[in-house]
Amino acid sequence: MNKHLQQVRDFHRKFAIKQPDDGEIGHLSDMDIVMRQALLLDCGSETFKAIASGDLIKILAGLVDLSFNALAAIASRGDEVVSVSANWRQDGSVLSVMRVLSEKINLCTSGETVHYSGLYAICVHLSQRFVNADFDEAFQIVYQHLMSGRGDAERLDLSPALFE
């Protein structure tokens, strides 16, 4: 099982967010898909603003938030992450990053696990190749912060996850 997905499931259990029991398959209603898409669009918007400002820490935070929300949709279905390739080739343009993220977010309107998995995979890939960061370390920092229940009361520092 995907370690990050398990952490999202643990987060859901701790904060009583509805999800199927282990081994059970659930269903996302149309309204669930709409709400998940709204969250992804908000995270995407913040990520694009961070890209525009050139703030690597905020870009990384946006990519982790997108991936967390993609995994949350998978957890809400009771599914597992599907292995998909992450196709993005660095061409020196931030527009290519925007295009690939927009495309992956848009595909999630299907509510299908394969599309949420694709968004997760591209976020991992971009964190490593575009931001030059340790995605797993950044995810762990965010996960620990969320599990602490402190929310926005404490500023989150993802700088230890950046390679420099």
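Biologist: Within what distance do the axes of α4 and α5 come, and at what angle do they cross?

Modeller: This is a predicted model, in which local features need pLDDT of at least 70 and side-chain atom pairs count only at pLDDT 80 or more, while totals for chains, interfaces and linings use all residues. Residues are numbered from 1 along each chain as its sequence is written, and side-chain values use heavy atoms, with hydrogens and water left out.

The axes of α4 and α5 come within 8 Å and cross at roughly 155°. Here the helices are DSSP runs (H or I, at least four residues), numbered from the N terminus, as are strands (E, at least two). Axes are lines fitted to C-alpha atoms, for helices over the stretch in contact, with angles from 0 to 180 degrees between N-to-C directions. The two helices, α4 and α5, are therefore roughly antiparallel; that term applies to angles over 145 degrees, whereas under 35 is roughly parallel, 65 to 115 roughly perpendicular and the rest oblique. The crossing of α4 and α5 is left-handed, that is, the near helix is turned anticlockwise from the far one by less than a right angle.

On the α4 side, V97, V100, L101, K104, I105 and L107 meet H115, G118, L119, I122, C123 and L126 of α5, contact being heavy atoms within 4.5 Å. By class, this contact of α4 with α5 has nine nonpolar, two polar and one charged residues. Ala, Val, Leu, Ile, Met, Phe, Trp, Tyr, Cys and Pro count as nonpolar, Asp, Glu, Lys and Arg as charged, and the others, Gly among them, as polar.

Helix α5 itself has 17 residues and reaches 24 Å from its first C-alpha to its last, close to the 24 Å expected at 1.5 Å a residue; the expected span is 1.5 Å times one less than the number of residues. Of the 17 residues of α5, 13 are buried, so this helix is largely enclosed by the rest of the structure. Buried means under 20% relative accessible area, exposed over 50%, and partly exposed in between (1.4 Å probe, protein chains only).

S117 lies in α5 and, at 1% relative accessibility, counts as buried. Residues up to four places away in sequence aside, S117 touches I74, E80, V81, V82 and V84. S127, also placed in α5, counts as buried at 0% relative accessibility. With neighbours within four places in sequence left aside, S127 is in contact with L60, L63, N132, A133 and F135.
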